[in-house]
Amino acid sequence: MFTIKSDHGMSESGYDKIIEWARSILPEGNKLKENFYAAKFMMKPLGLGYHKIDMCPNFRMLYYLENVELTECMTCRHSHYKPRTSRGKT
């Protein structure tokens with residue numbers, strides 16, 4: 001279910017609704033967790049972490065490995081960062 005949630009950009013509330021429906025059609029005493037929070041808590045000890053990778057908004061490159069420090073896309077020259085309107089770094 002986590003893979004489906006991730007692949008389709010499903011919200012936690014959407015995930016919870018599907019789980020609620022699935023639990024209603026499964027037999028009594030099933031072991032399906034009741035919501036996203038409970039399922040995530042159960043998976044935490046497995047150590048299945050994630051690593052966030054930035055991507056060009058035009059889908060031309062990933063800011064990963066040797067490209068992680070770049071400030072613009074090598075192909076389309078789109079900025080890696082959004083400009084800030086307040087003081088500080090961009």
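Buried means under 20% relative accessible area, exposed over 50%, and partly exposed in between, with a 1.4 Å probe and protein chains only. The model is predicted: local features need pLDDT of at least 70, side-chain atom pairs count only at pLDDT 80 or more, and totals for chains, interfaces and linings use all residues. Residues are numbered from 1 along each chain as its sequence is written, and side-chain values use heavy atoms, with hydrogens and water left out.

**View 1. Y15 and its surroundings.** Y15 has 4% relative accessibility and therefore counts as buried. Beyond its neighbours within four places in sequence, Y15 is in contact (heavy atoms within 4.5 Å) with M1, F2, K5, M10, N35, F36 and A39.

**View 2. The aromatic cluster of F2, Y15 and F36.** Ring pairs join these three residues, F2, Y15 and F36, into a cluster. Rings of Phe, Tyr and Trp (its six-membered ring) pair if their centres lie within 6.5 Å; planes under 30 degrees apart count as stacked, over 60 as edge-to-face and the rest as tilted. The structure holds four aromatic pairs. One of them, F2 with Y15, is tilted, at 5.8 Å centre to centre and 40° between the planes. This pair links distant parts of the chain, with F2 in helix α1 (residues 2-7) and Y15 in helix α2 (residues 12-25), 13 residues apart. Helices (H or I, at least four residues) and strands (E, at least two) are DSSP runs, numbered from the N terminus. F2 counts as partly exposed because its relative accessibility is 25%. The rings of Y15 and F36 have centres 5.3 Å apart and planes at 85°, so this pair is edge-to-face. Because Y15 lies in helix α2 and F36 in helix α3 (residues 36-43), the pair ties together parts 21 residues apart in sequence.

**View 3. The nonpolar core.** The largest nonpolar core is made up of five residues, M10, Y15, I19, F36 and A39. Such a core is a set of buried Ala, Val, Leu, Ile, Met, Phe, Trp, Tyr and Cys residues joined through side-chain atoms within 4.5 Å. Helices α2 and α3 each supply at least two residues of this core.

**View 4. H80.** H80 lies in the segment after β2 (62-63). With 15% relative accessibility, H80 counts as buried. A polar atom of the H80 side chain lies 3.0 Å from the backbone oxygen of L70. Not counting residues up to four places away in sequence, H80 touches D54, Y63, V68, L70, T71 and E72.

Terms used
A polar contact is a pair of N or O atoms within 3.5 Å; within protein, one must be able to donate a hydrogen and the other to accept it, and residues adjacent in sequence count only if both atoms are side-chain atoms.
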